[in-house]
Amino acid sequence: MDEGRYARRIQYEMTDGQVNTVNHSDGPTGDAGTDGAKVNVRLEHVTKTFDDVPAVDDLNLKINEGEFFSLLGPSGCGKTTTLRMIGGFEEPTSGRIMLGGRDVTYMAPYHRDVNTVFQSYALFPHLDVFENIAFGLRRRKVDKAEVRRRVGAILEVVDLPDFERRRVNQLSGGQQQRIALARALVNEPKLLLLDEPMSALDAKLRHQMQIELKSIQSRVGITFLYVTHDQEEAMTMSDRLVVMRQGRIEGIGSPKDVYDNPSTEFVATFLGASNLLTGEVARRDGSVTTIDLTNGSTLSVPTSRLPDQLTSTTVKVGVRPEKISIVAANATVGPNQNSLRGRVRVSTFTGVGNQYLVEMASGADITVYAQNIGEELAPRSGDEVLLSWPVEHTFAVRPMESGLSGEESES
Amino acid sequence: MSLTPFARVDESTGSERASRRPRRLGRFVLPTYSWLVIAYLVFPIAVMIVYSFNRVISGLQLVSFAWNGFTFQWYEQWRSIPGLTSAFWLSIRLALVSTVIATALGTLLAIALVRYRGSKFRGKGGIEQILFLNIAAPEIVMGASLLGIFVTFNIARGFLTLVLAHVMFSIAYVTVTVRARLAGFDVSLEEASYDLGASPLGTFRLVTLPLIMPGVLAGALMAFALSIDDFVTSNFVSGSSVPFPVWVYGASRVGTPPQVFVFGTVIFSVGIVFALLSLGLSKKRA
Ligand SMILES: Nc1ncnc2c1ncn2[C@@H]1O[C@H](COP(=O)(O)OP(=O)(O)OP(=O)(O)O)[C@@H](O)[C@H]1O
Ligand SMILES: [Mg+2]
């Protein structure tokens, strides 16, 4: 399999000098995300404006070879536009796009070793399933028997065997989406752009396809640039991800980094849920900074988790709901713990745990997820409680500039 | 009183009930009306077909509209009038050549009009106006002015001028037909084709053209039909090469030979076959 791919690369080199994919040191197992990894995609100050409105705004991004990289963000934040520029369907207004070390900013899409799974599928209605999938292979003059074999194999992967002669408009949305995926995957490109490739699949199929995608990726070392609305999908599948907002990067890193240490208020609320409390930076004692909340309490934040450039002393202190322990009001709190008092307003049993809404004296609510592990204390509505969590699970972000906040519709 | 949804609809929406009566009436009026229109449209064609089988008993072999009995004589002797036969073949050649040229040019123009706008296609509005004018302008005016042009530039009238004229008046029809087909065209299909490594030319051949083919064929059919029976323009620019309609017009002043009906019937039948084929094709593709 891998050898076939290697041979094919060399063949490209011979048949089409334009293709920029020749990379003889292309290891069969792309070791994703490690420090020495090769950069496959590089966006440098890429901006795209439509009628003077920026859809993508000064984007800088490096994606390593063999990496599974996701783009997350609300509808209209520029994810599709970013993919279209990398695929070659849109020219950046300014900036540079590099693929495998080569500037492709203005290169035609048919000269790029990139395949796309389009958000709208874009299957050819005049061709049957087999011809749709074989389209890319045929353009590369892959021989007939090999085309048959690979189309058959990829149809197995997407769980649609015996669909070869079906017309694409006789397929359900989910089936069409899987054919679109197969049509791109079968070419085993250097870079695969996927624009919400599983939005039309049910949970079971989606899970199955996620596993397949990951296994194909590790087998042939394709770099995946993946757009999704599904945070869980992004977090479980990705080596790294970015959260975009209004054409800009709001947060970048491994799913754990971005989740545990969100860089902005937007990321903190877009990716998972966060409790955010406004306060003022009071003093720094080495590795720990103390913040006075507007409601009178005091919290500690690791100094390393403070936003880099603070323009004012006002910050928002955050903690994820599942990091908080809920204990009786008279309990004592250990060292290196933050604590807040409140009264349980709503308690909801969710099966895997309990979700509490705890009201502070200031009137603000804090959300707490407690796992259902049979603890004796299960506070009920109206109970006075103490909330505590380790200082290291506390983060601080700059407050969102007013005027920009909350205008996107989260989807 | 029952409270089923059906009962409630009947009671509450008066318009529902009001629409009942015309529908019952329509069961009678609409078919009658339709058949009358069809008869009106088909009658001249039927006359032509029927009288192509009519025996001629007078000495001169000319059409007479008394029914003298059935015969295949005119089909057997379809080539017996030399001027008519060569006019017919000239018309066929003319229609084929002008259809091919007009369809190619018209299709490309339609694609350009749909794809490009603004700074990428200056003068697009002007071209659209001209297309409209071309269809709307009286043919007699265009014929006369074409003749003027050819005479002024001293271009000998014949097959070449006929082709030029026919292409000129067919392009607009092809463009309008193909453009209608292109209106619903999903551009991302072409992007997908590029994405999979097809060049622009390959994409046109493998994706764009097959998808707009029904429109292209319909346009070609239109161009062919316009060309094969064009009299007005052809009469101005034909010079010494006389196409079928011009020949028939000339002959009819003396008397129409029955073979004219034979050719008419054949052209009509072939036209019907193509129309049905294109209908079937566009249904299949839709
Ligand atoms: N061809 C275009 N012309 C004008 N504006 C456009 C065009 N394409 C995209 N935009 C605008 O650019 C912005 C980003 O669009 P984009 O399609 O990249 O969003 P997205 O992140 O993919 O959203 P979604 O999650 O809904 O697919 C939007 O505000 C959109 O309206
Ligand atoms: Mg999109």
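1. The contact draws 16 residues from chain B and 19 residues from chain A. This is a predicted model, and every value below is computed from it.

2. Together, chain B and chain A bury about 1700 Å². Carbon and sulfur atoms account for 65% of that area. On chain B, look at Glu191(B), Asp195(B) and Leu196(B): they supply 39% of the area that chain B buries against chain A, more than any other three residues.

3. How many salt bridges does the rule find across the interface of chain B and chain A? The count is 1. Arg84(A) and Glu191(B) meet through their side chains in a salt bridge, at 2.8 Å from N to O.

4. Polar contacts between chain B and chain A come to 4 residue pairs, both residues at pLDDT 80 or more. On the side of chain B that touches chain A, two elements give two or more residues: α9 (187-195) and α10 (200-228) of chain B. The largest share, 7 residues, comes from α9(B). By type, the residues on this side of chain B are 10 nonpolar, 4 polar and 2 charged.

5. Now the metal. Thr80(A) through OG1 and Gln119(A) through OE1 coordinate the magnesium ion (ligand 2), at 1.8 to 2.5 Å. Thr80(A) sits in helix α2 (residues 79-87) of chain A, and Gln119(A) in the loop between β6 (114-117) and α3 (129-139) of chain A, so the pair ties together parts 39 residues apart in sequence.

6. Are these two residues buried or partly exposed? Thr80(A) is partly exposed, at 28% relative accessibility. Gln119(A) is partly exposed too, with a relative accessible area of 38%.

Terms used. Residues numbered from 1 in each chain as written. Chains lettered and ligands numbered in written order. Predicted model: local features only at pLDDT ≥ 70, side-chain atom pairs only at ≥ 80, totals over all residues. Heavy atoms only, no water. Contact = heavy atoms within 4.5 Å. Buried area = accessible area lost by both parts, 1.4 Å probe. Salt bridge = Lys/Arg side-chain N within 4 Å of Asp/Glu carboxyl O. Polar contact = N/O pair within 3.5 Å; in protein donor to acceptor, adjacent residues only side chain to side chain. Helix = DSSP H or I, 4+ residues; strand = E, 2+ residues; numbered from the N terminus. Nonpolar A, V, L, I, M, F, W, Y, C, P; charged D, E, K, R; others polar. Donors = N, O, S within 2.8 Å, 3.2 Å for Na, K, Ca; no water. Buried < 20%, exposed > 50% of the residue type's maximum accessible area, 1.4 Å probe, protein only.
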